[in-house]
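Hello,

Here is the structure you were waiting for. My notes follow below it.

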Amino acid sequence: MGVRKARNGWLFTLLFSALSLAWVFPIVLVVVNSFKKKVYISRKPFEFPFGKMFVELENYVRGMEKIQFFDAFKNSLFITVCSVAVIILCTSMCAWYISRINSAFSTGFYYLCLFSMIVPFQMVMFTLSKLANILHLYSPIGIILVYLGFGAGLSVFMFCGFVRSIPLEIEEAAMIDGCTPLQTYFHVVFPILKPTCITVAILQAMWIWNDYLLPYLVLDIKRWKTIPIAIQYLKGGYGAVDMGAMMAMLVLAIIPIIIFYMVCQKYIIEGVVAGAVKG
Amino acid sequence: MQNSVKKYFPIFALPTVAAFAIGFFVPFIMGIYLSFCKFTTVTDAKFVGIDNYLKIFSDKTFGHSLWYTAAFTVVSVVLINVLAFAVAMLLTKGIRGTNVFRTVFFMPNLIGGIVLGYIWQLLLNGILANYQKTLTYNAAYGFWGLVILMCWQQIGYMMIIYISGIQNIPGELIEAAKIDGATPVQILRNVTIPMVMPSITICTFLTLTNSFKLFDQNLALTNGEPSNMSELLALNIYYTFYGRAGYEGVGQAKAVVFFILVALIAVVQTRLTRSREVQQ
């Protein structure tokens, strides 16, 4: 179809502009309310915070004190970045190994990975959290191992799909020239895997950054909270919620994501498409 | 090459295999075993046969949440896919501003379920306040609230996948259909939809499993209120484990049933739509 412009194109442009505005409205609403005095938020959510409703940054200050937002942010960032890095490195190596070694173990492990993708988290949630506790994996470092294990299914599956398309001759040539398997992997195979690495990294990062239940059950949350846990903690189990602090913290939770999205938009959308095509 | 690589098993494969065992395999096997046990922690398990499974049937909340989840899944899968496909069709026609629209529609996917839940709680409660009601007034409000939230979140994601599917259709095919005198509706039914069947397979698979397994959004938006009536299965299982002392075994048995349902749906759905795919 190419570049041919649609008839009545401007009409659709108008329609979609309106729709886009409607799409961002919920987020704008939260931003607006984050500057509003807390008693007015549930009473008058759709009004602009003028006059006595406006509280400057009070909600932000109070919210950050309540849940130590920056600690939560640091934890989330640390866990996401490290887990994704570890997942990429370990699962790509593993996928290459099981694709190149033909054994019952390789086939079995591949199918187990495939199988694990359809198992809902609730199935393993109780036993996994107890096991992680016994093995002392309740710190931000320990949880990386849990994420590697639970995230391995999808990553191994995707890497295997790509490794199979790499011609064997390239690796054999490297081996004949005297490369050890490790050198072959890092100098020859890994660079070819780069597009898949980006796809896997994006899918895993989106999952891990936003994950609530797994870190809530595995981490020692008295000491380490991630952003979703901190937000849920703000709600508490009882009484009235501090809506002001809640709005402010929601805004702080959204801003980094939107900035990240604006910067890496192309990769994110391509990653999602590539992931869907292979999955 | 096989033999020289084989020796490197500890470096290449062991970390992932070990983590997979800890993070998935062992908990999964233990989970199946524990569903036949009475226990409070994993160390004091006593074998009780199918007792836990029998207790599921006498638990009314489970039956309710099962139907609630099924209805929610059907409604949201249909809505999300139809709307996402429609938007994708329009956004592949070369409308001015397409890239901006695509960016905006996709954005909610990056925001986590908990945050999304609270965003929509504010908005929907604000609207319902005009009628002196809240989202937790009855289960129907929670239901449609969740549907709206899911549409807002997932339409962008599915749209992206449909767009790439539509763009992969060879232009000659559509041209040929036009020359043969096909109407736009005929082109859609006989050319476009069969050609994007792989995308439809993936999108229905993703929306089905996402909706069926939904947890965070449910927890944040209504938390199952009023009195567990807006509880989806995942939340129901969670509260059976952590909300009722002595029901851990029943929770685990529910989780096994839940897993079997998800697996069945996934297998049946992929079979059904795969069989309609055409060879390109």
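**Salt bridges and surface patches**

A:Asp242 is buried, at a relative accessible area of 8%. Buried means under 20% relative accessible area, exposed over 50%, and partly exposed in between (1.4 Å probe, protein chains only). This is a predicted model: local features need pLDDT of at least 70, side-chain atom pairs count only at pLDDT 80 or more, and totals for chains, interfaces and linings use all residues. Residues are numbered from 1 along each chain as its sequence is written, chains are lettered from A and ligands numbered from 1 in the order in which they are written, and side-chain values use heavy atoms, with hydrogens and water left out.

A salt bridge here is a side-chain nitrogen of Lys or Arg within 4 Å of a carboxyl oxygen of Asp or Glu. For A:Asp242 and A:Arg62, the closest N and O atoms are 2.8 Å apart. That pair links distant parts of the chain, 180 residues apart: A:Asp242 lies in the loop between α12 (227-235) and α13 (243-278), A:Arg62 in helix α3 (residues 58-67). Helices are DSSP runs of H or I, at least four residues, and strands are runs of E, at least two, numbered from the N terminus. A:Lys66 also bridges to A:Asp242, with the closest N and O atoms 2.7 Å apart. Here the partners are 176 residues apart, and A:Lys66 is in helix α3 too.

A:Arg62 counts as partly exposed because its relative accessibility is 22%. A:Lys66 is partly exposed at 42%.

Another salt bridge joins A:Arg223 and A:Asp220 (3.9 Å, N to O). A:Arg223 is exposed at 57%, while A:Asp220 is partly exposed at 25%. Over all chains the count is seven.

Now the patches. They take residues with over 30% relative accessible area and no salt bridge, joining like charges within 9 Å and nonpolar side chains (Val, Leu, Ile, Met, Phe, Trp, Tyr) within 5 Å. A:Lys37, A:Arg43, A:Lys44 and A:Lys52 form a positive one. Lys and Arg count as positive, Asp and Glu as negative; His and chain ends are not counted. Each charge is placed at NZ of Lys, CZ of Arg, CG of Asp or CD of Glu. A:Lys37 sits in the loop between α1 (9-33) and α2 (38-43) of chain A.

In chain B, 53% of the 280 residues are buried. The secondary structure of chain B is 14 helices and two strands.

Best wishes

Terms used: Accessible areas come from the Shrake-Rupley method with a 1.4 Å probe; for residues, only the protein chains shown count as cover.
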